[in-house]
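Colleague: Could you take me through this model, starting from single residues and moving on to the ligand?

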Amino acid sequence: MTHIICDNGTYKTRVGYSGDTQPTSEILTRTGIKKDPMTSGYEFLFPIKGGIIIDHDRMETIWTHIFDELNIKPKDHSILLTEAPFTPKSNQCKTAQIMFEKFSYSGICFGIDAVFSYISNGRSTGTIVTSGAETTHVVPIYEGSAIKNAIKSLPIGGEHITRRINDIVCRGQQFISLDAARNIKENNCMVTLNYDRQMIESSEFSHFDKEYTLPDNNTIVVTREMMMLTEVMFDPSIMHHDSPGIHEMYNSCIEYCPEELRRRLTDVVLLSGGNMRFNNTCTRFQQELNRSSQSFHHCFSSPPSDESCWMGASLFSRLSYFDQCLTSFVEYEEYGDACFYRSRA
Ligand SMILES: Nc1ncnc2c1ncn2[C@@H]1O[C@H](COP(=O)(O)OP(=O)(O)OP(=O)(O)O)[C@@H](O)[C@H]1O
Ligand SMILES: [Mg+2]
């Protein structure tokens, strides 16, 4: 039986078949309602917030759409769904109810997105720093399982930078959509290796500003301030967040892990997620770690794709013990939500 793999991201939902190297289909995780019947303006609603499904009805609409598009017959498949660390069990139960009772999947399994992203690089022990749409997590992984009590979270992701760019442009009396602000961000922002020096230089020389033409041909002046908003990952205080930066989160995450595992956990550190795809992110992260610790850390970025979580889940579903991780419809009928509160193989 082929399994269906569904990566439920705050920004994108990706679906495809077990064993494939990439999802067959992906859509933005949002539903639109018409703001005004006289215009073509839409208001978007986002059923996932910070990695957690907050509106299952709208999420069901998105799943229906994407399963229909792939012509999936759920009765013939089990489904593996990704979820953010710390997703409440009650949330899992609600998702399972929809998958079994609305779609009729024959089995279900949940797994932490960051763990899948890590195993997509072919390793099962190490640490991942993953930053997506609205959250960033540092997750230590030992032999394929997250060391849950050491996971560190930061409520900041790529969409915070998108919204800040949107605010800055609108302050200049030019009105753009969030999609346009995201486009500006993805094509112009970068991580700097020396933020303070770059900020001083850019305040002295306005030639750091550059003109950028959006797909609709509108021209925007992209300032150095906008380009360097990515610094929020290393210093959240620039967006008024009282949290440590990702390098400090990583250090405290490792300190929480058992001493005898630390060497293996720090051997290969992987950076993944859409918000880690700016130029220089990996180099800067490594620079900060080497500055703050005696030992050298090997950091890698996942391949330039935001699909590593889906790919890892697809790999996982091919492992011989995957079937033992599934909850079947028959078990669900007999035990209900209790299936999701017991520990599995
Ligand atoms: N090339 C890129 N450069 C910079 N940012 C990017 C790039 N590609 C995607 N992003 C940003 O990454 C964010 C989405 O990341 P990602 O696709 O990992 O999130 P997700 O999987 O949908 O959500 P979650 O955080 O719940 O896992 C968006 O803010 C998007 O603008
Ligand atoms: Mg994701």
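Colleague: Is S328 buried, exposed or partly exposed?

Modeller: This is a predicted model, in which local features need pLDDT of at least 70 and side-chain atom pairs count only at pLDDT 80 or more, while totals for chains, interfaces and linings use all residues. Residues are numbered from 1 along each chain as its sequence is written, and chains are lettered from A and ligands numbered from 1 in the order in which they are written. A residue is buried if 20 or more other C-beta atoms, placed from the backbone, lie within 10 Å of its own, exposed if 12 or fewer, and partly exposed in between. S328 has 16 other C-beta atoms within 10 Å, so the class is partly exposed.

Colleague: Which residues is S328 in contact with, leaving aside its neighbours within four places in sequence?

Modeller: S328 lies in strand β18, residues 327-328, where strands (E, at least two residues) and helices (H or I, at least four) are DSSP runs numbered from the N terminus. The C-alpha atom of S328 is separated by 8.1 Å from that of S78, 250 residues apart along the chain. Two residues are in contact if their C-beta atoms, placed from the backbone, lie within 7 Å. Under that criterion, and with neighbours within four places in sequence left aside, the partners of S328 are S106 and G107.

Colleague: Why do the buried residues of α5 lie on the same side of the helix?

Modeller: In α5, which spans residues 178-188, the buried residues are A180, A181, I184 and K185. They lie on the same side of α5 because the directions from the helix axis to their C-beta atoms cover an arc of only 140°. Among the elements that cover these residues are α4 (158-171), β14 (210-213) and β15 (219-222).

Colleague: In which loop does N217, with its positive phi, lie?

Modeller: Most residues other than glycine have a negative phi. The place of N217 is the loop between β14 and β15.
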